[in-house]
Amino acid sequence: MVNGLTLGCVYAVVALGYTMVYGIVQLINFAHGEVVMIGCMVAFSVIVALAPTGLPPFVIVGAGIAAAVPACMAVGFAVERIAYRPLRNAPRLAPLITAIGVSIVLQHLALLVWSRNIIAFPQIIELKLFHFGSSETSAAISNIQIAIIATSVAMMAGLLLLVYRTRLGIAMRATSQNPQVAGLMGIDVNRVISATFVIGASLGAVAGAMVGTYYGIAHYQMGFLLGLKAFSAAVLGGIGNLAGAVLGGILMGLIEALGAGYVGDFTNVCLLDRFLPGFSAVCEASPESSLFGSNYKDVYAFIVLILVLVFRPSGLLGERVGDRA
Amino acid sequence: MSLLALENVEVHYGGIRAVKGIDLVVEQGELVCLIGANGAGKTTTLRAITGLAHAGGRIVYDGEDIAGAKPHEIARKGIALVPEGRGVFPQLTIEENLAMGAYTRSDRQAIAADVDRVFTLFPRLKERRRQTAGTMSGGEQQMLAIGRALMSRPRLLLLDEPSMGLAPLMVERIFEVIRLIASEGVTMLLVEQNARLALEASRRAYVLESGLVTLSGEASALLHDPQVRQAYLGE
């Protein structure tokens with residue numbers, strides 16, 4: 001449950017990046033997962049460089065994040081400027097394919113810089129567990145999880161404030177509703193779109209740094225799966241809707257963690273043997289194995305995505321449906 | 001010097017010339033209307049002035065050629081458009097829509113005073129100030145679109161078909177306000193299919209046909225022009 005919540009917060013922050021960009025230019029920015037990956041990699045490099053200095057661990061991780069954010073902002077800005085802006089008035093399919101292309105380009109740039117190996121984060125933060133119950137086996141939350149949840153919640157709150165309380169925020173909402181008329185109001189639409197990409201990328205940067213610290217590993221292809229799951233989360237909540245992205249992200253994290261934790265038990269071959277024929281041999285050979293173990297965890301996100309698209313294409317909190325595909 | 005002068009303005013959409021070289025002048029403080037049938041190029045002309053459509057020729061505003069400038073740059077020079085179909089922001093409230101109109105301004109007190117003024121012109125908007133614009137009727141949205149344009153304190157106000165799709169009573173109300181704004185000295189260029197109403201409210205008028213100006217002059221004279229009467233006033 002706690003694992004799911006932590007994961008869910010990360011998905012929510014990444015999903016916000018997808019949904020913001022979609023809301024304003026109706027583009028699914030498939031390269032967003034790669035921005036998260038680059039954030040993770042930059043944070044990794046900084047943390048490795050600073051680890052021997054003996055600074056307090058949270059300062060080092062903070063420095064990693066502080067470096068990742070501007071790096072990703074620059075990437076987000078450049079991607080919009082170079083790849084998407086020239087296609088602003090092209091048919092919807094062209095920028096979508098471009099987004100996939102950008103994602104591949106970014107992956108391979110990262111491959112050149114950080115190698116194709118799985119790289120391990122130095123474990124500089126000493127893991128501390130806080131138990132909810134009195135016993136050692138009760139549910140626990142670690143200091144890293146607390147930090148991730150707190151950072152995510154703060155960022156989500158900050159984003160909502162930005163969108164609903166500032167001049168830039170109202171310009172963003174106006175642009176998403178009617179870009180042409182927004183221009184007539186004196187809003188520089190291109191700047192607003194740039195700002196949206198940059199803000200989304202900075203959220204992605206922090207998410208990337210958090211993922212790296214949490215799992216302790218990074219890889220140049222990590223952004224693909226993470227991005228797809230966060231995208232599914234955004235669709236689950238209703239793409240284009242900020243609150244929906246938060247809800248979808250948290251649900252997605254919970255589904256994945258609980259699915260990984262419990263579906264395996266439910267589909268244990270010995271348990272199935274009692275209800276269905278044909279499992280007895282497997283049960284005797286390996287009583288521990290199950291039909292859908294925790295290694296199926298990545299599947300759940302996509303089962304959810306498919307179910308949402310079939311039964312509620314506009315998402316949980318989505319309202320606008322119709323010609324926007 | 002005229003506030004606005006179009007010199008041989010052309011607009012192409014793909015291979016089609018929607019506006020084929022028109023000359024048009026709006027003097028400081030006057031209400032000029034542009035009438036013509038569907039597809040004559042009226043809306044396109046306004047889109048050219050506001051930078052929404054790419055135009056050839058010269059568009060001289062306040063002594064400066066603004067052809068080719070971006071819509072937000074033109075808006076900041078003091079030209080406001082009430083677009084065809086109203087173009088309110090459906091998910092913003094009335095108040096937020098009005099605030100968008102004042103986006104380029106930072107004088108808070110004067111903005112608040114102007115919001116009050118819009119609410120005096122259109123009391124209905126005040127009743128619904130916290131409602132989202134998409135939930136209002138067409139006439140109320142038209143009021144909002146006009147109010148929003150006034151919030152920028154425009155030096156030149158362009159109105160595109162303000163009577164379109166509205167009930168007769170609402171059309172009356174909208175034109176009352178247009179005359180009131182004109183009497184306060186706001187320069188306006190009005191595009192309208194309801195030629196009689198437009199000509200009665202305006203000082204001068206241009207008649208546009210297939211992308212060309214075919215007639216122009218005092219609005220009162222055009223009202224009695226046999227050609228205009230036959231083609232646009234249904235007589």
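In the predicted model, helix α1(A) passes α5(A) in a left-handed crossing, that is, one in which the near helix is turned anticlockwise from the far one by less than a right angle, clockwise being right-handed. Helices and strands are taken as DSSP runs, numbered from the N terminus (H or I over at least four residues for helices, E over at least two for strands). Residues are numbered from 1 along each chain as its sequence is written, and chains are lettered from A and ligands numbered from 1 in the order in which they are written. Because this is a predicted model, local features need pLDDT of at least 70 and side-chain atom pairs count only at pLDDT 80 or more, while totals for chains, interfaces and linings use all residues.

The pair α1 (residues 2–25) and α5 of chain A packs at an angle of about 30°, with the axes 9 Å apart; axes are lines fitted to C-alpha atoms, for helices over the stretch in contact, and angles run from 0 to 180 degrees between N-to-C directions. On the α1(A) side the residues that meet the partner are A:Val2, A:Leu5, A:Thr6, A:Cys9, A:Val10, A:Ala12, A:Val13 and A:Leu16. On the α5(A) side they are A:Gln145, A:Ile148, A:Ile149, A:Ser152, A:Met155, A:Met156 and A:Leu159. Contact here denotes C-beta atoms, placed from the backbone, within 7 Å. By class, the residues of this contact divide into 12 nonpolar, 3 polar and no charged, where Ala, Val, Leu, Ile, Met, Phe, Trp, Tyr, Cys and Pro count as nonpolar, Asp, Glu, Lys and Arg as charged, and the others, Gly among them, as polar.

Helix α1(A) comprises 24 residues and reaches 35 Å from its first C-alpha to its last, close to the 34 Å expected at 1.5 Å a residue; the expected span is 1.5 Å times one less than the number of residues. Since 21 of these 24 residues are buried, α1(A) is largely enclosed by the rest of the structure. A residue is termed buried if 20 or more other C-beta atoms, placed from the backbone, lie within 10 Å of its own, exposed if 12 or fewer, and partly exposed in between. Just after α1(A), A:Gln26 adopts a positive phi of about 50°. For α5(A) (residues 143–165), the 23 residues should span 33 Å, and the end C-alpha atoms are 32 Å apart, which agrees. Its buried residues are A:Gln145, A:Ile148, A:Ser152, A:Met156, A:Leu159 and A:Val163. An α-helix has 3.6 residues a turn, so residues three or four places apart point the same way.

A further helix pair of chain A is formed by α9 (residues 222–237) and α13 (residues 297–311), whose axes come within 9 Å and cross at roughly 35°. The crossing of α9(A) past α13(A) is left-handed. A:Leu225, A:Lys229, A:Ser232, A:Val235 and A:Leu236 of α9(A) make this contact with A:Asp298, A:Ala301, A:Phe302, A:Val304, A:Leu305 and A:Val308 of α13(A). The contact has 8 nonpolar, 1 polar and 2 charged residues.

Chain A as a whole contains 13 helices and 4 strands. The C-alpha trace spans about 70 × 55 × 40 Å along the principal axes. Buried residues make up 46% of the 325 in chain A. Among contacts between residues at least 6 apart in sequence, 75% join residues at least 24 apart.

Chain B has 10 helices and 10 strands. Its radius of gyration of 17 Å is close to the 18 Å given by the globule rule for 235 residues, so chain B is as compact as a globular protein of that length. Of these 235 residues, 46% count as buried. The contact between the chains takes 19 residues from chain B and 15 residues from chain A. Helices α2 (71–76) and α3 (94–101) of chain B each supply at least two residues of the side that touches chain A. That side of chain B divides into 11 nonpolar, 6 polar and 2 charged residues.

B:Asn8 lies in strand β1 (residues 4–13) and counts as exposed, with 11 C-beta neighbours inside 10 Å.

Key:
The radius of gyration is taken over C-alpha atoms; the globule rule is 2.2 Å times the number of residues to the power 0.38. Two residues are in contact if their C-beta atoms, placed from the backbone, lie within 7 Å.
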